[in-house]
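Hi,

Here is the structure I promised to pass on.

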Amino acid sequence: MTEGIDWVTRSGARAKGGRPLFFEDPAVDRLTSLAMALAAELSATRERLDTVERLLEAGGTLSREAIEVYAPDRQAGEERGLSTRAYISRVMRGFQQEVEAMEYPDPPVTDWVDRLSRR
Amino acid sequence: MSSDLPPPYTALERHPMMPVTSHDEAARFNFLTHMNRYISGTLGKGNKLAYEGRVLPAFKAVHGRDPEHREEVRVAMNEDPFHRMWSALKRNTMEMRQQNGRQCVLRQLDELDAMARQFNEHSGLLQLDASVEQPIYNTCVDIHCQPGGYHGGEREGDVTVGANYDVGLFATTGGALGRLNDGGGQAVVAHIKQVMPDFAPKRILDIGSTVGHNAVPIAQGFPEAEVTAIDTAAASLRYGAARAAGLGVKNIRFVQCSGEDLSRYPDNHFDWVQTTMFLHELSSDSMPRILAEAHRVLRPGGLILHVEQPQYGPDMPLLEQMLRDWDAYNNNEPFWSAMHGLDLKGEMEAAGFARKDQFVVGVRAVADPEIFPPSPDGGQEDYGRAAIWNAYGAIKAPVEETVA
């Protein structure tokens, strides 16, 4: 480990240059960063679990060193890539549906409630 | 289905200077690579839908006309809830890429610094000059939201920023630059060898080289040439020279020098002057000086080539211009917008290259397509990041023509 530098804190240092505010309430900016970071951490954990499973399946045992240096072959890489793509798609469902709603807009469902209830 | 999947981070070549990623650091880069693809691909079309469906109609209702400039589109889009959220996601992937890269680099900085010192003391590839000042366009903000930009660091003489740039470029570009992140330089080499098969340069100048991703493949592609890779940022050069030495490249020198002042090189000295994704990092004041200096040091009959993202021009829709401008305002690229709005042919003409001697060609990254699928294009393109460029070039006229 590096001596003389608090590498954990310094890793998250801000870049010079005013950060754009994307939302009216800065708390939403912070929460977005939080949600994205958590999504990334779970993705990394899922990938690690996949590594553990593959190593155990192949060898019946594993070491932490073997996990750290694991590099998927072509097929495993594609399987894991597809898994990550599907994971992101699940996490981001609300955004996908927002885009779909802009592409094919629907009237509010209350319009249908009114219309179907009318005699 | 899987053919357009980005490759796993571990497909990158671990050259000797490359920071060693832990399992989870690589996994975080994988997440960011996929997330970037998702934001530009699946969600990217939401910007157009929001613009056409509500932003543009609202603009017309207020102003009684269409927007006349990308800046008007930007201001209007920044009020739109979808675009705001989209921008927030994209900004976060960049910040997360920086943090993950820095965590990887900083925890092993002692080893990386020691290795770089070893390489640089023995290879002779590095020539630093402490008298070179850092230009304002390098220091006003940290470019790409990379803490320290290209020039800073965590301690004197370290390689933090160069190493972090190298270790995370994969995530930003979705792996489209190939196993050594050098697909841009390789594309230049392939193109020049194809269209100028008899061109045998002896002296090549690469301006704004940073860590040499694009200069090293030129040195490798033209082993008879001596490549001079200059940059003002010692922090990037230290890493770049060590990286090149680790790759076994010998015909390149990393020299601390500003493109604005090439006085250490005589007139007509180089056979080829190259910049790759560099001009947008400058300023309105400095770019003409650099272009003029490049012209001066290039020999008559020599080649100049500037590889950049496409210029905007009047035919590009304002929304596309505005989306291509995203990095200018959200990823600390303050000259990006103005630079891409310029008539680059006019700028090169002012520097001494007659229009008849100029050309523009499209260039795509050259990588192993079996492992590194090319950048998505069309509606899926990640504007500003895609490994799809234009090369703005010229052949310097022979002396008698210049006089005539």
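Helix α2 (residues 26-59) of chain A has 34 residues and spans 50 Å from its first C-alpha to its last, close to the 50 Å expected at 1.5 Å a residue. Keep in mind that this is a predicted model.

Which residues of α2(A) are buried? They are A:M36, A:A40, A:S43, A:A44, A:E47 and A:T51. An α-helix has 3.6 residues a turn, so residues three or four places apart point the same way. The cover over the buried residues of α2(A) comes from both chains: it includes α3 (64-69) and α4 (74-91) of chain A, along with α1 and α4 of chain B.

A:A58 also belongs to helix α2 of chain A, but A:A58 counts as exposed because it has 10 C-beta neighbours inside 10 Å, and the cut-off for exposed is 12 or fewer. If you follow the chain from A:A58 to A:T110, you go 52 residues along, and their C-alpha atoms end up 56 Å apart. Just after α2(A), A:G60 has a positive phi of about 75°.

**Where the chains meet**

On the chain B side, 51 residues are in contact with 47 residues of chain A. Several helices of chain B each supply at least two residues to the side that touches chain A: α1 (23-40), α2 (45-63), α4 (81-107), α5 (109-123) and α13 (326-330). The one that gives the most is α4(B), with 14 residues. If you sort that side of chain B by class, you get 22 nonpolar, 18 polar and 11 charged residues.

**The sheet in chain B**

Chain B has an open sheet of 8 strands with mixed pairing, in the order β1-β4-β3-β2-β5-β6-β8-β7. At the edges are β1 (126-127) and β7 (358-364) of chain B; each has a single partner strand, so one side of each is left without a neighbour in the sheet.

Here are some of the pairings. Strands β2 (residues 203-207) and β3 (residues 226-231) of chain B run parallel and are joined by 5 bridges, with B:R203 partnered by B:E226 in β3(B). Also parallel are β5 (residues 270-276) and β6 (residues 298-308) of chain B, over 6 bridges, where B:W272 has B:L303 in β6(B) as its bridge partner. To get from β5(B) to β6(B), the chain passes through helix α11 (residues 286-297) of chain B in a right-handed β-α-β crossover.

On to the next strand: β6(B) and β8 (residues 388-395) of chain B run antiparallel, joined by 6 bridges. B:L303 turns up here too, with B:I395 as its bridge partner in β8(B).

α11(B) lies across β2, β5 and β6 of chain B, at about 145° to β6(B). Helix α10 (residues 234-246) of chain B lies across β1, β3 and β4 (252-256) of chain B and runs at about 170° to β4(B).

**One buried threonine**

Is B:T160 buried or exposed? B:T160 counts as buried because 28 C-beta neighbours sit inside 10 Å, and the cut-off for buried is 20 or more. You will find B:T160 in helix α7 (residues 160-173) of chain B. Beyond its neighbours within four places in sequence, B:T160 is in contact with B:V105, B:L106, B:L109, B:G148, B:G153 and B:E154. B:A235 is 75 residues away from B:T160 in sequence, yet their C-alpha atoms are 7.5 Å apart in space.

Cheers

How values were computed. Residues numbered from 1 in each chain as written. Chains lettered and ligands numbered in written order. Predicted model: local features only at pLDDT ≥ 70, side-chain atom pairs only at ≥ 80, totals over all residues. Contact = placed C-beta atoms within 7 Å. Helix = DSSP H or I, 4+ residues; strand = E, 2+ residues; numbered from the N terminus. Nonpolar A, V, L, I, M, F, W, Y, C, P; charged D, E, K, R; others polar. Expected span 1.5 Å × (residues − 1). Pairing = 2+ DSSP bridges. Right-handed = clockwise from strand over helix to strand, strands pointing away. Axes fitted to C-alpha atoms, helices over the stretch in contact; angles between N-to-C directions.
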